[in-house]
Amino acid sequence: MTIAFKPEETFRGDYSYRNSDAAILRFPFPFPEDKYMYSVNIEPHTRSGPSDIFLRPFDVDEHYIAECRDRAITLERDPGRYQALPHMMLAQWDTLELLMENLSADYPALFSLTKEGDDFGSRWTWINRPLGIEQSFIFGDADTLPCEPFEYITRQAQGDFAICDQRDDNLYMDAGMVTAQADWSLEFDVGMSFMEWHGPVPLAHQAGVFERALKYLLMLRLGQPVRRLNWTMSINPRLDTSPETYPEWGPDRASVTPDNAGDKVHLRVELQTLWRLPRSNAILFPIRCYLASLDDLARVPKWGKRLNRVLSTLPPQLVEYKGLTRYLPAALEWLAKHDDGAELPVGTEAGVTTLTPRVSD
Amino acid sequence: MMHSDITSRPTYRALEPDLAGSKHLLVIEGETLLTGRLEALTDTFAPVNDKLHTWLVGAPTASSGPGKVWHLEKLVDVLDLFACATRDYGMGDRLYVQGTEPFLWSVTTAASIIGFGPNQVQLHHAGSLRRRVWCTHCHTLTENVTASIVPCAGCGRHLLVRDHFSRRLGAFMGVMIDAEAPGAIPAIEEAFA
């Protein structure tokens, strides 16, 4: 397996991010039916699923190098996007180990990990070929790395990461690397309990979703990770849609017209996985973000039609919460042209192996 | 107190002495003392009166109250006393606080540093609904906010004051109201008087 990286693409400024046809076909489209509502949609994170992205626990794709660079830019501007409370050091090492072991096993051409032993005090050597990194360090000794272990490894990974400490039958968000978030602030939320950091989500609390989810997560077992998909929309392929930088990207929401919606409006899907960590008993919560424009998605006829139906029947509270209010009419006008009303099979699979030509071609 | 569907919004309670406690500390923001309140608290705390200290913060110095009463001038004096008190409090001790929300959380945070856990602390909200607001964009805290939209004390942006609350910061989240349409600022209401 070779991945053709696109090291020059950008997630800001000129927004040169583009998906290849293969990337579109493996997009984790999140809507199995024509309507959407919150549910406890958690399932085992096995090496299988309706898209290729599920084949490996930590998916690496053509955007890897560019995403790592975008993270570095965001951290340079705002170091507070990385936070780890002092009691989280054990969980930091757990996370580094989990990522290094999985990446090197699943992508041996890209990453390698050589260990002189499994325990703290052993010398490890990590090689990251796409980013040109070779690092020898003592596992368990933070002074032998250029920065804290959690920061070190998540600077070399796609997606955001939170680590939740488990105590008093609750989960506390006590560490995070968060540079590609859908409008939530790590600086504000760090240290919060599970119910607190989900506080602003509408409708789901009343449906008991979070109580059930928390109960489930407290029982999460080592070696049995779970996953769910979450979604929102973004204008332009921008990873850093944080509240911190909202003054920069907020105005883009007013720039959408029925003519440019296909290019500008992106479906933002998060593969959220949850992992019990072995030494700390904390839970690692990676949030891996995939972006596809309406134009990309409409090249899979089933997806274009279904997205039109989901968005046109979305409860008003969710439209507001997800920040779609200002541009949803323009996006729907664009999508309606790609929906002939035909009945669609249940399921998220693309149902095709080649794409229809781009609308803009 | 205001009700909110947002679950990070704390809820507050009436103060009641926990008879299992060994030492008891009652901290009251003076401006929230209505006539008769100290007398009512004296009755409520009578069962622990001999193990109780009361810190009255910014209250008229003539006022007496439950337990042994100390007069402090300002909130910052409370925080200083906690900072100096590393040895004198333990797991069996109980803290009761009455005041506005910024007062409650400043005291709670200072107390937590010397080991007061959530189960040792009771919070009673009284007086003004004014809020401390944390700017999501420049991270400055703006104090004494009573309006639904407020200019940030740091960056000057107009912030919509949300109900999302951080105990760590003792503050509500403020988000730029006119980021999507610069200059379009809705009518400002006196929401937290």
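Q: Which domains does the assignment give for chain B?
A: The model is a predicted one. For chain B the assignment gives domain 1, spanning 24-125, and domain 2, spanning 131-176. The centres of domain 1 of chain B and domain 2 of chain B, taken over C-alpha atoms, are separated by 26 Å.

Q: How many residues does each domain of chain B give to the contact between them?
A: As general background, the size of an interface is often given as the accessible area lost when the parts come together. Here the description is by residues: domain 1 of chain B gives 5 residues and domain 2 of chain B gives 5 residues. On the side of domain 1 of chain B that touches domain 2 of chain B, there are 2 nonpolar residues, 2 polar residues and 1 charged residue.

Q: What does UniProt list for residues 132-175 of chain B?
A: An unreviewed UniProt entry lists these residues of chain B as "domain: Dimethylamine monooxygenase subunit DmmA-like C-terminal". In the model, residues 132-175 of chain B are 0% helix and 59% strand.

Q: How many bridges pair strand E6 of chain B with strand E7 of chain B?
A: Strand E6 (residues 131-135) of chain B and strand E7 (residues 141-145) of chain B are joined by 3 bridges in the antiparallel sense. Within this pairing, Trp134(B) stands opposite Leu141(B) of E7(B). E6(B) and E7(B) form a hairpin, with 5 residues between the strands.

Q: What is the phi of His139(B)?
A: Most residues other than glycine have a negative phi, and most peptide bonds are trans. His139(B), which is not a glycine, has a positive phi of about 70°. His139(B) belongs to the loop between E6 and E7 of chain B. His139(B) counts as partly exposed because it has 17 C-beta neighbours inside 10 Å.

Q: Where is Asp169(A) placed, and is it buried or exposed?
A: Asp169(A) lies in the loop between E6 and E7 of chain A. Asp169(A) also has a positive phi, near 55°, in a residue other than glycine. Asp169(A) has 8 C-beta neighbours inside 10 Å and therefore counts as exposed.

Q: In what sense do strand E4 of chain A and strand E5 of chain A pair?
A: Strand E4 (residues 123-128) of chain A and strand E5 (residues 133-138) of chain A are antiparallel and share 6 bridges. Ile127(A) has Glu134(A) of E5(A) as its bridge partner. The hairpin of E4(A) and E5(A) has 4 residues between the strands, and Gly132(A) takes a positive phi near 65° there.

Q: Which residues does Thr125(A) touch, leaving out those up to four places away in sequence?
A: Thr125(A), in strand E4 of chain A, touches Thr114(A) and Ser136(A). Thr125(A) and Ser136(A) are 11 residues apart along the chain, yet their C-alpha atoms are separated by 4.3 Å. Thr125(A) counts as partly exposed, because 13 C-beta neighbours lie inside 10 Å.

Q: In what order do the strands of the open sheet in chain A run?
A: In a regular strand the side chains alternate between the two faces of the sheet. In chain A, 7 strands form the open sheet, in the order E1-E8-E9-E10-E6-E7-E2, with antiparallel pairing. Strand E1 (43-44) and E2 of chain A are the edge strands, each pairing on one side only. E9(A) and E10(A) run antiparallel and are joined by 9 bridges. Between them, Trp275(A) has Leu284(A) of E10(A) as its bridge partner.

Q: How many residues does the largest nonpolar core have?
A: The largest nonpolar core has 40 residues, and Ile163(A), Cys164(A) and Ile283(A) have the most contacts inside it. Elements giving two or more residues to this core include helix H3 (89-106), strand E6 (160-167) and strand E10 (283-293) of chain A. H3(A) provides the largest share, with 6 residues. Beyond four places in sequence, the contacts of Cys164(A) include Leu171(A), Met173(A), Ile283(A) and Phe285(A). Another core, of 32 residues, lies apart, with Tyr17(A), Phe31(A), Tyr290(A) and Tyr327(A) among its members.

Q: How many residues does each chain give to the contact between chain A and chain B?
A: Chain A gives 20 residues and chain B gives 18 residues. On the side of chain B that touches chain A, the elements giving two or more residues are strand E9 (158-166) and strand E10 (171-176) of chain B. E10(B) gives the most, with 3 residues. By class, that side of chain B has 7 nonpolar, 7 polar and 4 charged residues.

Key
Residues numbered from 1 in each chain as written. Chains lettered and ligands numbered in written order. Predicted model: local features only at pLDDT ≥ 70, side-chain atom pairs only at ≥ 80, totals over all residues. Contact = placed C-beta atoms within 7 Å. Nonpolar A, V, L, I, M, F, W, Y, C, P; charged D, E, K, R; others polar. Pairing = 2+ DSSP bridges. Domains from an automatic or database assignment. UniProt positions renumbered as here; feature names shortened; annotations may be inferred. Core = buried A, V, L, I, M, F, W, Y, C linked by C-beta atoms within 7 Å. Buried ≥ 20, exposed ≤ 12 C-beta atoms within 10 Å, placed from the backbone.
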